[in-house]
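Subject: Structure handover

Hello,

Here is the structure I promised to pass on. Please open it first, then read the notes below it.

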Amino acid sequence: RRMDLLEPWRLRVVRPFVRGRLLDLACGYNNLSRVHGSGFGADVFPWEGIDVRIENAARLPFRDSSFDTVSVVAALNHIPNREAALLAVRRVLRPGGFVLVTMIGPWTGRLAHLLFHQDENRRGGMRPGEVDGIRPAVMRALLQQAGFELVREVPFQLGLNRLYVARRPWPTQPRLSGSASRACAAATPRV
């Protein structure tokens, strides 16, 4: 099964960026996870084929740093608490791992939700806090506010959709003061 006629196109764009263990959040029928072969599909709606049903995208039932890639394909606009959900994604993503988000803008979203309404109808339509789409500037800000570094932005579907590839940065080493740095250097054996 597929969510709509455009799903195969979205998956062709996203799939080359998936690495290692995958969490596909708001996975729908879980097609990306199945095609990738290593990971889980999680959703709040009990779609056929999901691996894990969750109550809230901001409270993911996975250990810290347990995934190499987290994807949110055509769905972040359907997560009312998207800021908190992206923080949860950052928590379960390994340092250096990637979050992959596809998103259409609001005007494209309005049209898409009119044309491809079968999945909307099945889950009961749009709920409070859901939006038709998210503007690119807002998407970039959401990712940055959650602590991600935007690595790449790929327009596709005639420029009406975008894939945002963002990385969870590696923790930085605390800088030592000048005297502490010199003391560490002096104590380090030379080989």
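**Helix α6 and its two sides**

The exposed residues Q144 and Q145 sit on the face of α6 that is turned away from its buried side. Exposed means over 50% relative accessible area, buried means under 20%, and partly exposed lies in between (1.4 Å probe, protein chains only). Helices (H or I, at least four residues) and strands (E, at least two) are DSSP runs, numbered from the N terminus.

Before going on, note that this is a predicted model, where local features need pLDDT of at least 70, side-chain atom pairs count only at pLDDT 80 or more, and totals for chains, interfaces and linings use all residues. Residues are numbered from 1 along each chain as its sequence is written, and side-chain values use heavy atoms, with hydrogens and water left out.

Back to α6, which spans residues 136-145. Which of its residues are buried? They are M139, L142 and L143. Seen down the axis of α6, these buried residues fall within an arc of 95°, so they line one face of the helix. The arc is that of the directions from the helix axis to the C-beta atoms. Their cover includes α3, β5, β6 and β7 (161-167). Contact here means heavy atoms within 4.5 Å. Just after α6 comes G147, with a positive phi of about 95°.

**The sheet**

Next, the strands. The model has an open sheet of 7 strands with mixed pairing, in the order β3-β2-β1-β4-β5-β7-β6. Its edge strands are β3 (52-53) and β6 (149-156), and each pairs on one side only. Two strands pair if DSSP finds at least two bridges between them.

- β2 (residues 39-43) runs parallel to β3, with 2 bridges. Here A42 stands opposite V52.
- β1 and β4 are also parallel, over 3 bridges. L22 has T69 in β4 as its bridge partner.
- β4 and β5 pair in the parallel sense over 6 bridges. F67 stands opposite L93 in β5.

How does the chain get from β4 to β5? It crosses through α3, and this β-α-β crossover is right-handed. Right-handed means that, with the strands pointing away from the viewer, the path from the first strand over the helix to the second runs clockwise.

How much of β4 is covered? Most of it: 6 of its 7 residues are buried.

**Helices α1 and α2**

Now look at α1 (residues 7-14). Its buried residues are E7, R10, L11, V13 and V14. They cover an arc of only 160° around the axis, which puts them on the same side of α1. They pack against α2, β4, β5, β6 and β7.

Take E7 in α1. E7 is buried, with a relative accessible area of 7%. Find V73 as well: E7 and V73 are 66 residues apart along the chain, and their C-alpha atoms are separated by 9.0 Å.

Then go to N31, in helix α2 (residues 31-36). Is N31 buried or exposed? N31 is buried, with a relative accessible area of 11%. Its side chain makes a polar contact with the side chain of R34, at 2.6 Å. A polar contact is a pair of N or O atoms within 3.5 Å; within protein, one must be able to donate a hydrogen and the other to accept it, and residues adjacent in sequence count only if both atoms are side-chain atoms.

Best wishes
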